[in-house]
Amino acid sequence: MLAEMRIQGLGVIEDALLELHPGFTVVTGETGAGKTMVVTGLHLLSGGRAEVSKVRVGAGKALVEGRFEGVTGKVALDIVGDAGAEVEDGGGVIALRSVASDGRSRAHLGGRSVPVGVLGDLSEQLLAVHGQNDQLRLLRPAEQRAVIDRFAGDAVAAPLEQYRAVREEWQAVVAELNDRTTRSRELAQQADMLRLGLTEISSVEPTPGEDTELTEQIKRLSAIDELRATATEAHHAVSGAQDGDLEAPGALGLVGEAQRRLAGAEDQVLRDMEPRLAEAAVLLADVGTELGSYLESLEADPARLEQSLARQADLKKLIRKYAADIDGVLAWAEDARERLSTMDTSEEALAELAARRDELAKQLGEHAARLSAARKVAAGELAGEITAELAGLAMGQAQIEVTVGVREVDESDPHALTVDGRKVHAGPDGVDEVELLLRAHKGAPPLPVHKAASGGELSRVMLAIEVVLAHADTVQTLVFDEVDAGVGGRAAVEIGRRLARLATSHQVLVVTHLPQVAAFADRHLVVDKGMSDGITRSGVKVLQQSERVLELARMLAGMDDTETGRAHAEELLAAADADKYSFSRLPRDGRKGSKKKRTK
């Protein structure tokens, strides 16, 4: 979870420390006080786009620092470890993002400088920010399909993985078949050139490293007289003259003489040196033997030298044409054989590819059908859970429908696939098109949610979706930025109740202007704006119980200075506390009788 966050030089906030509750934390404040800077700071901490306009006027840079605790997930820990960052005891990780007034942005994780994208990868595992922009995004068909997939978990993830694997192979075969068909003449010419090269290489039959070995052999054969003289002199120096002349005993004879003298010495120190001379004598004897063998192997062979030079000339022809050395020539030949295997434009080869394409298309259609069936099951469950949530958000007559259909195409579509007798578009996520429909009341036709819902109803629909998905999500910290916009009264109370229930299984941070929502919080933070030396400054402070009463009274139409307003605020807090006590005994997912949480 996000234990605390510090914001400096961001918008109207000069310096503020937010200490967040493990459960439900709410942020309130006057309009223009800087509440949105809290969410902006979270976006920056999540690797979001840095805007110079958000840097406080007069400040050199804006800085956001967050301390996460309980980071134990494998993916999150791998991200931290790969960045070389440190993890404190208990899974503590500190993330930092700074934006300079000149536009430069920097990121740090666990005391190490990291690319901004690393913060984004980590935040995906630790927190999710839901705002009004997210509501608009969820209205897109692709996003609605992603909602079903997240909700369904493994029930959709497994067939989707199988579908994508077959689709990748199917696309490759289709592309290869089209390439061979449309470029048959060009490919035939290229194939002829490759075959000529392979024939030339095969006629020489080079072996790995042969050019290097041959160069060394030619050097030896060309300088055989010089090598023989050098080896002979070295052999005499080690073993002595061939005729046994004592005046030139060689190194081996001299060491032997020294060995005999030390062995008979009266001093133990000298006798102790004799074994070391014995070792040297053995080594010299080995070298002398090897030099003798080398001399015996040296034979002038003009015919062999001529053969080696001719062979070298053949290898050099290949090297000039195909690569820098013989190993490279052999690699070219191997690559040419592989390329030839994909250049067969004969009728038999094309027929074989077409058959493989059709077989893969059949398999892909079967996987697509299974994927669609899994999504339809999940769509029914998702619609039921969202509808149930709406009933608790003062939309008891509303009903959500999630439809799963397909987009029919003609043969001109490069990804056309036949499923159940229809030509459909086989995209990377399947053939399905998902749409979220709302039936506002009984008898009303189902319409796309953005057409059937008012502004307040749309906020409640989106909150219901987010609450349902939160129970199918693995992130621990959920942030809601004024998702209660456009609602009030009874609906506002129900939104607060839902968020409080959600906080029994997640850490929840909410920016709101509704007192009915704020009353349910476990910790209340207020962004307070003031003037100093003609400059607007905002800070954040934690409210005590008596201060919460005044803040709620202010939010209840500015009634913080009246007994009536404070009494109303106290009543609101008491009712919220009673509600929270009633569902604090529910299962950890916060919904009575709810299904087991799905996995992503």
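At what angle do helix H9 and helix H11 pack, and how far apart are their axes?

## Basis of the report

The structure is a predicted model, in which local features need pLDDT of at least 70, side-chain atom pairs count only at pLDDT 80 or more, and totals for chains, interfaces and linings use all residues. Residues are numbered from 1 along each chain as its sequence is written, and side-chain values use heavy atoms, with hydrogens and water left out.

Helices (H or I, at least four residues) and strands (E, at least two) are DSSP runs, numbered from the N terminus.

## Helices H9 and H11

Helix H9 (residues 224-239) and helix H11 (residues 268-297) pack at about 150°, and their axes are 9 Å apart. Axes are lines fitted to C-alpha atoms, for helices over the stretch in contact, and angles run from 0 to 180 degrees between N-to-C directions. The angle therefore makes H9 roughly antiparallel to H11; angles under 35 degrees count as roughly parallel, over 145 as roughly antiparallel, 65 to 115 as roughly perpendicular and the rest as oblique. The crossing of the two helices is left-handed, a term used if the near helix is turned anticlockwise from the far one by less than a right angle, with right-handed used if clockwise.

Residues of H9 that meet H11 include Leu227, Ala231, His235 and Val238, and their partners in H11 include Leu284, Val287, Leu291 and Tyr294. Contact means heavy atoms within 4.5 Å. By class, the contact of H9 with H11 has nine nonpolar, five polar and one charged residue. Here Ala, Val, Leu, Ile, Met, Phe, Trp, Tyr, Cys and Pro count as nonpolar, Asp, Glu, Lys and Arg as charged, and the others, Gly among them, as polar.

## Helices H5 and H14

Helix H5 (residues 141-152) and helix H14 (residues 347-391) cross at roughly 90°, with axes that come within 9 Å. H5 is therefore roughly perpendicular to H14.

On the H5 side, the residues of the contact include Arg145, Ile148, Asp149 and Phe151, while H14 contributes Arg375, Glu381, Leu382 and Glu385, among others. The contact of H5 with H14 comprises seven nonpolar, no polar and five charged residues.

Glu494 belongs to helix H17 (residues 489-502). Its relative accessible area is 7%, so Glu494 is buried; buried means under 20% relative accessible area, exposed over 50%, and partly exposed in between (1.4 Å probe, protein chains only).

The side chains of Glu494 and Arg497 are joined by a polar contact of 2.7 Å. Such a contact is a pair of N or O atoms within 3.5 Å; within protein, one must be able to donate a hydrogen and the other to accept it, and residues adjacent in sequence count only if both atoms are side-chain atoms. Apart from its neighbours within four places in sequence, Glu494 is in contact with Gly392, Leu393 and Ala394.

## Exposed positions

Glu205 is not a glycine, yet has a positive phi of about 55°. Glu205 lies in the loop between helix H7 (184-204) and helix H8 (210-222) and is exposed, at 60% relative accessibility. Asp420, also not a glycine, has a positive phi of about 55°. Asp420 sits in the loop between strand E10 (416-419) and strand E11 (422-425), where its relative accessibility of 69% counts as exposed.

Gly90 is placed in the loop between helix H2 (74-82) and strand E5 (93-100) and is exposed, at 63% relative accessibility. Not counting residues up to four places away in sequence, Gly90 touches Glu69, Gly70 and Val71.
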